[in-house]
Amino acid sequence: VRRASVIVAPTPSPHRSAPDRLAELAGAIERDPAHVAREARALADEARADQQWTIVSRAQAVLGRAWRMLGEVDAAARALTDAIEAARMSGDPYLEADAHIALAGVLSMGGRWADGLGHLDEAERIGSDELRLSAQLQRAVVVSNLGRLDEALEIFGRVIPELRRSSRPLDLARGVANRATIHLARGYVADAVRGYEEAESLFDATGQAFAAALAHENLGCA
């Protein structure tokens with residue numbers, strides 16, 4: 001049983017700026033998504049009242065990712081759709097591409113594969129090199145959910161070395177964990193165990209207790 005509520009994260013200081021508070025919350029999504037969702041929603045409401053669309057977009061993107069971590073697919077999709085709209089109003093293609101990537105993952109969880117891939121196409125069209133790499137990581141997850149496991153493993157084979165070189169431990173943890181799930185489904189148990197062990201270690205090292213617990217659970221299955 002997953003109980004995110006038992007993990008208590010520090011409440012951001014009200015004296016910190018909204019961008020700083022959102023950066024702090026983004027880094028805590030996989031540690032305590034329930035806390036992050038509450039704080040991000042409050043920040044989004046405050047920013048919307050002042051028509052600060054950049055802050056609204058960032059807050060809604062954080063909120064959507066937190067809802068996704070908690071398995072609330074419909075709520076996550078609504079938050080991320082709003083993040084895209086707010087990013088367009090702010091004229092920020094980076095924020096828009098980032099929200100497209102997150103929404104693609106949520107839509108694939110709900111079985112809307114074509115829509116999800118369409119959002120990834122848009123993210124790769126308008127995003128930075130960094131975000132294109134993130135879009136490829138998400139694409140691997142979507143196509144694996146479609147049963148296109150060879151294609152997913154080929155993408156992971158290209159993306160994971162890039163993540164190692166660019167020192168992105170959280171994205172690397174997600175990548176090796178998702179690849180381990182494919183290995184387990186194919187019966188490559190030793191590869192799956194190594195992947196989940198690395199993912200758990202990476203999540204632990206970055207203070208992401210909730211995600212580390214999920215990786216540990218999957219390791220137990222393997």
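Helices in this account are DSSP runs of H or I with at least four residues, numbered from the N terminus. The model described here is predicted.

By that definition, the protein has 11 helices and zero strands. Taken along the principal axes, the C-alpha atoms fill a box of roughly 55 × 40 × 30 Å. The radius of gyration is 17 Å, which agrees with the value near 17 Å that a compact globule of 222 residues would have. Of those 222 residues, buried ones make up 47%. Among contacts between residues at least 6 apart in sequence, 55% join residues at least 24 apart.

The surface can be described by its area and by its charges. The protein exposes about 10500 Å², and carbon and sulfur atoms supply 50% of this area. There are 26 positive and 32 negative side chains in the protein, and the centres of these two sets lie 2 Å apart.

Most residues other than glycine have a negative phi. Gln 51 has a phi near 55°, a positive value in a residue other than glycine. This residue is placed in the loop between helix 2 (33–49) and helix 3 (53–69). Because its relative accessible area is 57%, over the 50% cut-off, Gln 51 counts as exposed. For Ser 167, phi is likewise near 55°, a positive value in a residue other than glycine. Ser 167 is found in the loop that lies between helix 8 (149–165) and helix 9 (169–185). With a relative accessible area of 59%, Ser 167 is exposed.

Is Gln 208 buried or exposed? Its relative accessibility is 2%, and buried means under 20%, so Gln 208 counts as buried. Which residues is Gln 208 in contact with, leaving aside its neighbours within four places in sequence? They are Gly 27, Ala 28, Ile 29, Glu 30, Arg 31, Leu 170 and Phe 203. With one of these residues, Glu 30, there is also a polar approach: a polar atom of the Gln 208 side chain lies 3.2 Å from the backbone nitrogen of Glu 30.

Key. Residues numbered from 1 in each chain as written. Predicted model: local features only at pLDDT ≥ 70, side-chain atom pairs only at ≥ 80, totals over all residues. Heavy atoms only, no water. Buried < 20%, exposed > 50% of the residue type's maximum accessible area, 1.4 Å probe, protein only. Polar contact = N/O pair within 3.5 Å; in protein donor to acceptor, adjacent residues only side chain to side chain. Contact = heavy atoms within 4.5 Å. Helix = DSSP H or I, 4+ residues; strand = E, 2+ residues; numbered from the N terminus. Rg over C-alpha atoms; globule rule 2.2 N^0.38 Å. Areas by Shrake-Rupley, 256 points an atom, 1.4 Å probe, with all protein chains shown as cover. Lys, Arg positive; Asp, Glu negative; His and termini not counted. Charge placed at Lys NZ, Arg CZ, Asp CG, Glu CD.
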